[in-house]
Amino acid sequence: MDRYLVFGHPVRHSKSPFIHTLFARQTQQELEYGLAEPAVDEFAQALRTFFDQGGKGCNVTVPFKEQAFTLVDRLSPRAKRAGAVNTIKLTDDGVLLGDNTDGAGLVADLKSHGVTLADSRILLLGAGGAARGALAPLLAELPSELVIANRTHAKAQQLAAEFCDLGHVTAQTYEQLAGPFDLVINSTSASLQGELPPLAPALIHTDIAIYDMMYGASDTAFVGWAKQQGARQTMDGLGMLVEQAAEAFTVWRGIRPGTKQVLRELKRNLGVI
Ligand code: ATR
């Protein structure tokens, strides 16, 4: 049977096996999908061993995405732009192809929630790996402006300079930000510690769309805060998780699974509904 897995550390709580097993059942693909948690300095060896032993493809998550970028034979254009690899496929001619489906997953999830990106003003919070992966797919939707704000301003400036060939991207400090924005995407890891990015409450209005790339069984700190400020449309990253997986599955198997039912099952599994 064709073998796939996700590399991460820690990875025990990953939902990827659950999601890909449902995709395989739905599309009647014969495959198994497991977990691998190599020590941080043993990822390269573990990756080599997996493919030497007949593995067909894998996902890569924290903290290995940047390392995976350096280990594959070839990079997709979107992985090159992202500077990170979350999906690897062994091609028929034996080449390890590195791809990145995170940004496509974000855009697909935003669209599935009915969020309009074309001609919109987007505020992206954070300038780490997650922000980098999101930028090209977001700019491909032709927003009128995309503003990056980050605690360490120099990193936002660096990202804006790197992606300015793809659209109207600027970097502003949290203090400089002036609304109205149509959509705020939180790519910071602040919610992981229950913290908030230092965003002025006045930037949140009832018609704004709020997206936190993090997720949990209950509202993330950012989603909870945005609701308190009156935002009516708030989304967390669970849908992005399913959509990036669907994109990876499509890369591997050449068949696109449906995501709605799988997202519902995942929410039930997590106790969200
Ligand atoms: P990831 O790969 O998930 O993006 P990362 O590369 O470590 O992780 O980036 C984390 C991002 O969250 C950074 O933009 C970080 O800001 P700094 O560049 O200033 O470190 C941001 N971040 C983390 N905790 C934060 C907090 N409490 N408030 C604001 N920003 C925070």
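Predicted model: local features only at pLDDT ≥ 70, side-chain atom pairs only at ≥ 80, totals over all residues.

Analyst: Residues are numbered from 1 along each chain as its sequence is written, and side-chain values use heavy atoms, with hydrogens and water left out.

User: In the open sheet with mixed pairing, what is the order of the six strands?

Analyst: Helices (H or I, at least four residues) and strands (E, at least two) are DSSP runs numbered from the N terminus, and two strands pair if DSSP finds at least two bridges between them. In this sheet β2 (31–36) and β4 (74–75) stand at the edges, each with a single partner strand, so one side of each has no neighbour in the sheet. Strands β1 (residues 2–7) and β3 (residues 57–60) are joined in the parallel sense by four bridges, with Phe7 opposite Val60 in β3. The order is β2-β1-β3-β5-β6-β4.

User: Which strands does helix α2 lie across?

Analyst: Contact means heavy atoms within 4.5 Å, and angles run from 0 to 180 degrees between the N-to-C directions of axes, which are lines fitted to C-alpha atoms, for helices over the stretch in contact. Helix α1 (residues 16–27) lies across β1, β2 and β3 and runs at about 175° to β2. Helix α2 (residues 43–52) runs at about 170° to β1, and the strands it lies across are β1, β3, β5 (87–90) and β6 (96–99).

User: How is the aromatic pair of Tyr4 and Trp252 classed?

Analyst: Rings of Phe, Tyr and Trp (its six-membered ring) pair if their centres lie within 6.5 Å, and planes under 30 degrees apart count as stacked, over 60 as edge-to-face and the rest as tilted. Tyr4 lies in strand β1 and Trp252 in helix α9 (residues 238–253), so the pair ties together parts that are 248 residues apart in sequence. Both Tyr4 and Trp252 are buried, where buried means under 20% relative accessible area, exposed over 50% and partly exposed in between (1.4 Å probe, protein chains only). With 4.7 Å from centre to centre and 40° between the planes, the pair is tilted.

User: Why is the pair of Phe222 and Trp225 called stacked?

Analyst: Phe222 and Trp225 are three residues apart in helix α8 (residues 221–228), and are thus separated by about one helical turn. Phe222 is buried with a relative accessible area of 0%, and Trp225 is buried with 13%. The ring centres are 5.9 Å apart and the pair is stacked because the planes stand at 25°.

User: At what distance from the ring centre does Arg121 lie over the face of Phe181?

Analyst: A charge sits over a ring if NZ of Lys or CZ of Arg is within 6 Å of the ring centre and within 35 degrees of the ring normal. The charged end of Arg81 sits over the ring of Phe163, 5.1 Å from its centre. For Arg121 over the face of Phe181, the distance from the ring centre is 4.4 Å.

User: Which residue's side chain is joined to that of Asn86 by a polar contact of 3.2 Å?

Analyst: Asn86 has its place in the loop between α4 (77–82) and β5, and is buried at 3% relative accessible area. A polar contact is a pair of N or O atoms within 3.5 Å; within protein, one must be able to donate a hydrogen and the other to accept it, and residues adjacent in sequence count only if both atoms are side-chain atoms. The side chain of Asn86 reaches the backbone nitrogen of Thr101 at 2.9 Å. At 3.2 Å, the side-chain partner of Asn86 is Gln244.

User: What separates the C-alpha atoms of Val85 and Lys65?

Analyst: Val85 is found in the loop between α4 and β5, and counts as buried at 0% relative accessibility. Leaving out residues up to four places away in sequence, Val85 touches several residues, including Lys65, Phe69 and Leu75. Val85 and Lys65 are 20 residues apart along the chain, and their C-alpha atoms are separated by 5.0 Å.

User: In the open sheet with parallel pairing, which strands stand at the edges?

Analyst: The order of this six-stranded sheet is β9-β8-β7-β10-β11-β12. Four bridges join β7 (residues 121–125) to β10, and β10 pairs with β11 in the parallel sense, also over four bridges. Each edge strand has a single partner strand, so one side is left without a neighbour in the sheet, and these strands are β9 (169–171) and β12 (233–235).
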